[in-house]
Amino acid sequence: KICYNYIENSRSDILKIGIDIDNTLTEVQEKLNEAAYTYAVSLGKNLEGYDKLMQDEKNDGTEYAKRFQFNYEELKYFLKDIQENITNNAIPRKNAKEVIDKLKNDGHQIYIITARDSEFHNNPYVYSKNWLDKNKIYYDKLIVNAREKSAVCKRENIDLYIDDQLENCLNILNAGIQTIMITDKKYDYDNITMLKNWDDIYNFISELEK
């Protein structure tokens, strides 16, 4: 299911901008890791050597299952109940809403593209839409079930994609799409633009228009 709010525009400098939700519009990874650890301990898992810096790079729960030794049902409970509670109550990153509003006012189209999917969530579309609407995040189109984000970006003719995960950024870059990774870490990939916050993202996109 997809939601459209399109305003047609023939300007050649208009970008279709794809944006991830979790840890891109929000910052929830630390809370998710802490919650996964607490849940795993309650199940009696041996977490010696636990890595607090993990991310779900495959967009499918694989890393949570591996790091916290969850079986499928435990993973499903964590993602559907525990993760949903945390992400439903997450607040947007500083100035994320304001920057998206400015990008919209500049004429760009905003595509929210998330890997939240029907395998682990009852209704990932409503789950995502409710959070976006509650926080007044503008979007022209909302796409869920996007585990293969590079394929979705190609299909939707995305010009620029913003995500927090390195693997997503590399895959999308390899599909020929310009990519911004929102991060305060340093990675040795010259072709990925790495920016720390949404103000930096807006300034970068504004320079592209010149």
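User: Leaving out residues up to four places away in sequence, which residues does Asn135 touch?
Analyst: In this predicted model, and with residues up to four places away in sequence not counted, Asn135 touches Ala90, Pro92 and Lys97.

User: Where is Asn135 found, and is Asn135 buried or exposed?
Analyst: Asn135 is found in the loop between α5 and β4, and its relative accessible area of 17% falls under the 20% cut-off, so Asn135 counts as buried.

User: What about Ile137, where does that one lie?
Analyst: Ile137 lies in the loop between α5, which spans 124-134, and β4, which spans 141-143, and with a relative accessible area of 4% Ile137 is buried.

User: And what does Ile137 touch, not counting residues up to four places away?
Analyst: With those sequence neighbours set aside, Ile137 touches Leu25, Pro92, Lys97, Ile100, Trp131 and Leu132. As for Asp101, which is 36 residues away from Ile137 along the chain, the C-alpha atoms of the two are separated by 7.9 Å.

User: Switching to helices, how do the axes of α4 and α8 cross?
Analyst: The axes of α4 (residues 96-105) and α8 (residues 198-208) come within 9 Å and cross at roughly 15°, and the two helices are therefore roughly parallel to each other. The crossing in which α4 passes α8 is right-handed.

User: Which residues make that contact?
Analyst: On the α4 side the contact is made by Ala96, Val99, Ile100, Lys102 and Leu103, and on the α8 side by Trp198, Asp199, Tyr202 and Ile205. Sorted by class, the contact has seven nonpolar residues, two charged residues and no polar ones.

User: How many residues has the largest nonpolar core, and which have the most contacts inside it?
Analyst: The largest nonpolar core has 47 residues, and Leu25, Tyr64 and Trp198 are those with the most contacts inside it. Another core, of 10 residues, lies apart from it and includes Ile113, Ile143, Val152 and Ile172.

User: Back to Tyr64, what does it touch beyond four places in sequence?
Analyst: Not counting residues up to four places away in sequence, Tyr64 touches Gln29, Leu32, Asn33, Ala36, Met54, Asp56, Gln69, Phe70, Leu75, Phe78 and Leu79.

User: Last one, where is Thr114, and is Thr114 buried or exposed?
Analyst: Thr114 is found in the loop between β3 (109-113) and α5, and at 1% relative accessibility Thr114 counts as buried. Leaving aside its neighbours within four places in sequence, Thr114 is in contact with Asp20, Ile21, Ser128, Ile143, Val144, Asn145, Ala146 and Lys149.

Note on methods
Residues are numbered from 1 along each chain as its sequence is written. This is a predicted model: local features need pLDDT of at least 70, side-chain atom pairs count only at pLDDT 80 or more; totals for chains, interfaces and linings use all residues. Side-chain values use heavy atoms; hydrogens and water are left out. Axes are lines fitted to C-alpha atoms, for helices over the stretch in contact, and angles run from 0 to 180 degrees between N-to-C directions. Helices (H or I, at least four residues) and strands (E, at least two) are DSSP runs, numbered from the N terminus. Angles under 35 degrees count as roughly parallel, over 145 as roughly antiparallel, 65 to 115 as roughly perpendicular and the rest as oblique. A crossing is left-handed if the near helix is turned anticlockwise from the far one by less than a right angle, and right-handed if clockwise. Contact means heavy atoms within 4.5 Å. Ala, Val, Leu, Ile, Met, Phe, Trp, Tyr, Cys and Pro count as nonpolar, Asp, Glu, Lys and Arg as charged, and the others, Gly among them, as polar. Buried means under 20% relative accessible area, exposed over 50%, partly exposed in between (1.4 Å probe, protein chains only). A nonpolar core is a set of buried Ala, Val, Leu, Ile, Met, Phe, Trp, Tyr and Cys residues joined through side-chain atoms within 4.5 Å.
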